[in-house]
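Colleague: I am new to reading protein models. Could you walk me through one, feature by feature?

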Amino acid sequence: MMNTAPLYPEPGNGRATNSLDGEPLESTSLQRNESSQSDNERLGFISNFSHELRNPLSSIVGTLDYLLTHRAHEVSSVRDLLERMDRSARHVLEVLNTLVDYSRLEAGKLALRREWTDLNVVIRSARDIAIGYVEKLGKHALTIDTGALYDLPPIHADETKIRQVLINILHNAVKFTEEGTIHLITWIENDHVHIAVKDNGIGIRTRDRDKIFKAYEQVNPSDHPYGAGLGLYISKSIVEMHGGRIWFESEYGQGTTFYVALPIHTSPPS
Amino acid sequence: MPIPAAQAAPHGQTSPGQPAAISGGHILIVDDDELVGSTVALMLETAGYSTRVVVSGVEALRWLELERYDLIVTDLCMPVMSGWELIAEIRSRLGSIPVFILTAFVDELLYESKGRADDLQVDEILLKPVRLKDLLGRLAAYLPPQVRPRAGP
């Protein structure tokens, strides 16, 4: 049954206003209990994306408003303010790219653009982005250690997508670890490049293990969704499309290690 | 719980020529996205409020022991300690200090937040992205805008 609710339901508790135009919102009569499970899932999915976009958008809009209320000579750090908006705009783009990847994946149209890829470079750039994320979250007591990096041979892979997988795993480690060290380790075993990301964060409960690689599913210590719930689902698909494997080991309260194994000897498809 | 009308609230925006107002107006901002928190701080600075930005509920509780705040603005969706948990803790420690929720989660407003917000005596719920005039408009009903003296020539 189709849910006739609007795609973007608006808040209607009488106090909230749509803050972009300041107009009070009309009440919407959403009949949630009549929706099927998949409609609810879809609604939750759209809400999650809306949430993911509203955060960076609020940095952009807030910074713009700040600039608009000041005369040019009153603002001493225009460059900083522009860089804030730039970072936020990139974040919006990342969220949108995830959505596009997801819809392509669902349609069976996610294609790899394989080329000879220097994994060492990919790993370093993913690490740098993750370090930026640590700073963004203000986790001053958390570090990312890449001390034990093996010199990896080139593999035939989609560089952008493999980087995306690594960033995703690293970001999860950062999100769910308050302090300590996240270790990024690489090695070669059975003709596969292995990459491990080991954290000492909150870990994953046994009952949540089956949810980790599923779309929409979120495993979260606090009672609210966090992220769109698609990162690891997309990551798993990408790794498997490369003929590789992704898995994890975790002990609740102790930490989690994610592993990615990618075959070294993949020849370009003829 | 008083629900001030945003439209009727005095406008908090200040222009450079305005005189300095009374001191006070220290606001604690809690958002796990540091960029969002510091942007809210920038916006509040426009009306002369002073701010402290923290990225977790745990850090917020730590600062609440060290400093006195006139109002708290918190996100809901944060890892480890959610905004709801933080507000419950604030209510038990500090009683009736004004608390604003600033959330990106539309669903919160739709389905569950009203009852929960009422139970926790949340004063205002604002949806991200919030515009400067809305934010300052709502705030002005609780704290008079603090216009800072003009710095420099």
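Modeller: Happy to; we will go from the overall layout down to single residues. Keep in mind that this is a predicted model.

Colleague: Where do I begin with chain B, and how many helices and strands does it have?

Modeller: Begin with the order of the elements. Chain B has five helices and five strands, and from the N terminus on they run β-α-β-α-β-α-β-α-β-α.

Colleague: In what order do the five strands of chain B stand in the sheet?

Modeller: Order in a sheet is read from strand pairing. In chain B the five strands form an open sheet, ordered β2-β1-β3-β4-β5, with parallel pairing. Two strands of chain B stand at the edges, β2 (50-54) and β5 (124-127); each has a single partner strand, so one side of each is left without a neighbour in the sheet. From one strand to the next, the twist averages 20°.

Colleague: Which residue of β5(B) stands opposite L102(B)?

Modeller: That is L126(B). As for the strands themselves, β4 (residues 99-103) of chain B pairs with β5(B) in the parallel sense, over four bridges.

Colleague: And what do the helices α1 and α3 of chain B lie across?

Modeller: For this, look at the strands each helix contacts and at the angle between directions. Helix α1 (residues 34-45) of chain B lies across β1 (26-30), β2, β3 (71-74) and β4 of that chain, at about 175° to β2(B). Helix α3 (residues 83-94) of chain B lies across β1, β3 and β4, at about 165° to β3(B).

Colleague: How do I read the faces of a helix?

Modeller: The general idea first: an α-helix has 3.6 residues a turn, so residues three or four places apart point the same way. Now take helix α2 (residues 57-66) of chain B, where G57(B), A60(B) and L64(B) are buried. Down the axis of α2(B), its buried residues fall within an arc of 50°, so they line one face of the helix. On the other side of α2(B), the exposed residues are R62(B), E65(B) and L66(B).

Colleague: What do the buried residues of α2(B) pack against?

Modeller: They pack against β1, β2 and α3 of chain B. Across chain B as a whole, buried residues make up 52% of the 153 residues.

Colleague: What should I know about a nonpolar core?

Modeller: In soluble globular proteins, nonpolar side chains tend to be buried together. Here the largest nonpolar core has 84 residues, and L166(A) and L170(A) have the most contacts inside it. Helix α4 (residues 159-175) of chain A gives the most to this core, with eight residues. Beyond its neighbours within four places in sequence, L170(A) is in contact with A126(A), R127(A), A130(A) and V197(A).

Colleague: Is D191(A) buried or exposed?

Modeller: Count the other C-beta atoms within 10 Å: 12 or fewer makes a residue exposed. D191(A) has 10, so D191(A) is exposed. Q121(B), with phi near 50°, has 14 and is partly exposed.

Definitions and conventions: Residues are numbered from 1 along each chain as its sequence is written. Chains are lettered from A and ligands numbered from 1 in the order in which they are written. This is a predicted model: local features need pLDDT of at least 70, side-chain atom pairs count only at pLDDT 80 or more; totals for chains, interfaces and linings use all residues. A residue is buried if 20 or more other C-beta atoms lie within 10 Å of its own, exposed if 12 or fewer, and partly exposed in between; C-beta atoms are placed from the backbone. Two strands pair if DSSP finds at least two bridges between them. Axes are lines fitted to C-alpha atoms, for helices over the stretch in contact, and angles run from 0 to 180 degrees between N-to-C directions. Two residues are in contact if their C-beta atoms, placed from the backbone, lie within 7 Å. A nonpolar core is a set of buried Ala, Val, Leu, Ile, Met, Phe, Trp, Tyr and Cys residues joined through C-beta atoms within 7 Å. The arc is that of the directions from the helix axis to the C-beta atoms.
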